[in-house]
Amino acid sequence: MVETLNLFRQLYKKWRARRAAPREVSEVFRFKYTCFRDLLDSNAQLLAIITDIEEKLQGRQVFGMAYVRSQAARAAFHAFRMIKNLDVLSGHKYPVLYQVLDAINEKIKRELSPKKELPLTEHILFYDRLTKEAVDWVGGKNANLGEVKNRVGLPIPPGFAITTKAFEAFLSHNDLVDEINKRKMEIEPQDPESIARASRAIQELIVGAALPPELEAAIFRAFDRLEAESKPFRPEAASLRVSLRSSAIGEDSDLTFAGQYLTSLNVTQDRLLETYKEIVASLYTSRAMAYRLQKGIRDEDVAMSVACLAMVDSVASGVAYSRHPFNPLENQVIITAVWGLGPYAVDGTISPDRYVVAKEPDYPLVEAHITAKPVQLLMGRFQGTEEIPVPPEDQEKPCLNAEQIKMLADYAVKLEEHFRCPQDIEWALDRHGRLLILQTRPLHPEAHVREAWRTPQVEGFEVLLQGGDVAFPGVGAGPAYHISSDEDLLHFPEGAVLVAKHSSPKFVLVMAKAQAIVTDSGSVAGHMAAVAREFHVPSLLAVPSATKVIPPGEVITVDAYSGRVYRGRVTKLLAFAEDRTPHMRDTPVHRTLVKVAEFIVPLHLVDPKAADFTPEHCRSLHDLSRLVHEFSYNEMFKISDIAADRGEGALRLAAPVPLDLYLIDLGAGLTGVPPGATEVTMENIASVPFKALLRGMTHKELQALEPRPVQFSGLFAVMREQMLATPQYEERFGEKSYAIISDKYLNFSSRVGYHYSILDAYAGASVNKNYITFSFKGGAADDIRRNRRVRAIAIVLMGLDFNVDVKGDRVDARLQKYPAEVILEKLELIGRLLVFTRQMDMLMAAEASVEAVAQSFLAGKYNLGPEAFQELSP
């Protein structure tokens with residue numbers, strides 16, 4: 001029977017040993033790696049979409065149905081891209097995932113199918129007809145100005161919006177949609193120059209196209225009306241000049257407010273139509289096109305409205321913040337001002353005057369800092385703007401008097417109260433003494449958290465930690481409770497602050513109880529951060545040494561605005577925590593987003609070991625992303641099997657490592673290799689993770705090791721097991737080892753004697769993509785000794801912060817979502833561990849040796865002398 005099994009085994013090995021051409025083998029690896037890289041990219045994109053939707057769910061920003069449809073489509077696109085790449089990686093093992101995605105998409109479509117918008121046929125809407133409900137027709141800037149005028153009752157320059165209906169009519173009149181799509185067909189996503197060429201061609205098409213006659217007439221009629229309405233505020237016989245500002249819809253707020261679209265100041269009537277077309281064309285700058293391409297944004301969900309405002313011949317201009325922009329403890333109005341037009345107040349040309357005003361009755365001035373302002377920007381005589389000197393007697397004068405400062409402070413407070421969040425406001429003072437609001441938008445203090453260390457801290461309280469990334473802003477206080485295992489979550493007390501080494505979506509189990517979360521590492525775009533935002537738990541991630549500095553049980557206050565952790569309960573901070581009802585809540589559009597988000601945002605699958613971690617239990621796109629992300633690691637883990645079967649085309653590594661090691665380069669993993677080479681040295685290695693692993697394997701203390709101490713009971717057990725093991729029970733692994741590498745990727749398989757280890761790792765700039773998976777199996781001793789061996793390895797890996805699972809003589813470990821420098825540090829330690837554990841079977845004579853060997857490694861004691869094991873001998 002044994003001879004028959006051996007015959008079949010030899011035939012099977014010959015069948016597996018059929019060689020493909022080296023180039024074909026290399027292409028297989030590259031293809032699989034490309035699929036995996038694209039999968040990780042879409043995972044990161046989908047998490048970013050979820051983050052943005054969660055911010056919109058808070059209701060503090062204006063958005064419309066175009067946003068909801070666009071984000072739903074983008075989320076579905078990236079979920080499909082992840083599933084498709086996993087399907088290819090796995091050899092089509094998961095067709096059920098397509099069915100699950102289709103079912104979720106159908107539910108999303110049902111929520112989107114009833115049209116929430118009212119029909120719009122007008123090309124022009126004056127501001128007296130605009131509110132936030134018109135955002136899909138006129139974009140966020142226009143809608144906000146309509147709110148300021150009609151609901152807050154504050155003055156804005158007279159003007160009108162050229163609607164998205166006008167934009168669509170313009171494109172349709174010239175068949176521009178088809179022409180634009182033709183140019184986009186020439187784009188190669190990885191080639192920036194192809195995007196630039198398409199951008200230039202599309203912008204030329206738009207600028208060179210004719211406006212529909214009815215649109216031209218509508219714009220000129222609106223201009224004539226605006227000229228009549230603004231006449232009392234212009235010098236006699238002066239013609240109307242306007243500013244044209246982009247007000248795009250269909251893209252996320254970070255893009256819309258990033259300043260990438262065009263604004264034109266001091267435009268005359270004869271330049272009106274051409275300037276409108278230039279602003280429309282700015283939808284297709286290289287930057288805007290690349291962003292939409294990378295984010296999966298559909299062009300059909302993008303439209304451009306344009307704000308046309310009577311030009312304010314400003315005496316002074318500036319910015320007002322209804323709260324300090326990066327120190328939320330200072331609940332004061334901050335006003336900046338320069339002479340002339342506003343651009344110099346924000347672009348750094350002039351250091352502006354700065355006023356700090358208390359939010360108290362009569363708005364007392366707390367501080368005034370007046371600067372020297374040698375130049376100013378004014379309206380050009382014919383068009384555009386020009387810089388002129390400020391008269392010497394005015395250069396060090398304040399731009400605003402006391403009454404104007406109070407009035408602006410009052411404006412800021414009213415806007416904050418209306419929009420229910422701090423505001424970033426642009427204002428202008430005209431030559432008639434009128435203070436006008438030019439624009440208002442939400443102020444995001446959390447975006448400035450990295451500057452917060454410069455601001456004064458709360459006096460009288462010790463700062464334990466400072467820094468980190470804000471996953472959700474806010475303040476929370478309570479006793480610190482450290483989480484290091486699933487068991488700890490079961491005992492998490494109500495009102496505690498969760499402290500952990502790494503963020504985990506499993507924390508959802510206690511988020512309803514947690515006052516705040518602090519972790520040593522983690523990503524603000526990760527799964528746990530998304531859940532923290534859903535539960536509104538103030539969270540600070542990537543705070544170095546948090547678990548070491550914060551004692552368990554210590555009462556702490558987490559300030560997730562400024563990035564500080566205080567010892568004790570800071571009452572001043574807790575009083576600052578506000579509970580506002582956002583102004584978009586309960587609008588029809590917001591209610592639709594809530595319904596759609598139910599199938600995108602929630603994460604139900606948090607534990608890969610749970611019985612319900614299956615495709616059939618996915619209820620949201622977030623669930624699908626989590627599942628596919630986890631499964632993809634398992635599939636990439638198996639790539640080493642292909643290397644063992646098809647090793648042709650590999651280059652042997654000549655290095656002082658105890659392995660017969662061959663390399664397969666996926667691209668940028670090697671450098672300086674001459675054509676026709678069959679061997680490379682460590683100097684040829686360019687792969688960052690592989691270099692880290694080799695640094696560990698060639699560590700000087702490991703290179704100098706003498707043979708391990710031999711315990712004769714262990715030696716006899718190994719010899720006995722080798723002699724008695726039958727082929728069907730124990731097969732000796734192949735002697736060649738392989739490393740499949742790129743600049744940021746490593747798949748390493750070591751097959752030495754009866755030991756088999758696989759390492760798969762990625763180390764790049766994106767924390768969400770970084771990971772290490774490691775598996776070790778085998779050994780030549782009996783079952784007990786092999787189990788002791790893997791348990792010793794498991795203790796080491798847990799000491800290195802890996803999640804570890806031990807079954808029989810196999811240990812599996814995972815570390816993910818750490819910065820690249822941490823990943824590389826751990827890879828170097830695994831390199832040391834691989835060399836350290838050789839011949840360890842013979843040391844596993846007693847149970848106590850498990851802990852002794854592990855602690856020796858963790859302490860950096862790699863040379864295990866006989867004295868270390870004398871007391872363990874039976």
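Cys618 is buried, at 8% relative accessibility, and Cys308 is buried too, with a relative accessible area of 0% (buried means under 20% relative accessible area, exposed over 50%, partly exposed in between, with a 1.4 Å probe and protein chains only). As for disulfides (a pair of cysteine sulfur atoms within 2.5 Å), the count is zero.

A word on the model: it is predicted, so local features need pLDDT of at least 70 and side-chain atom pairs count only at pLDDT 80 or more, while totals for chains, interfaces and linings use all residues. Residues are numbered from 1 along each chain as its sequence is written, and side-chain values use heavy atoms, with hydrogens and water left out.

Now to the charges. The whole structure holds 38 salt bridges (a side-chain nitrogen of Lys or Arg within 4 Å of a carboxyl oxygen of Asp or Glu). One of them joins Glu147 and Arg151, 2.7 Å from N to O. Both sit in helix α5 (residues 135-152), four residues apart, about one turn of the helix (helices are DSSP runs of H or I, at least four residues, and strands runs of E, at least two, numbered from the N terminus). Glu147 is buried at 0%, whereas Arg151 is partly exposed at 43%.

Arg245 pairs with Glu426, their closest N and O atoms being 3.7 Å apart. Arg245 is buried, at 13%.

Finally, Asp38, Asp41, Arg81 and Lys769 are linked in a network of salt bridges.
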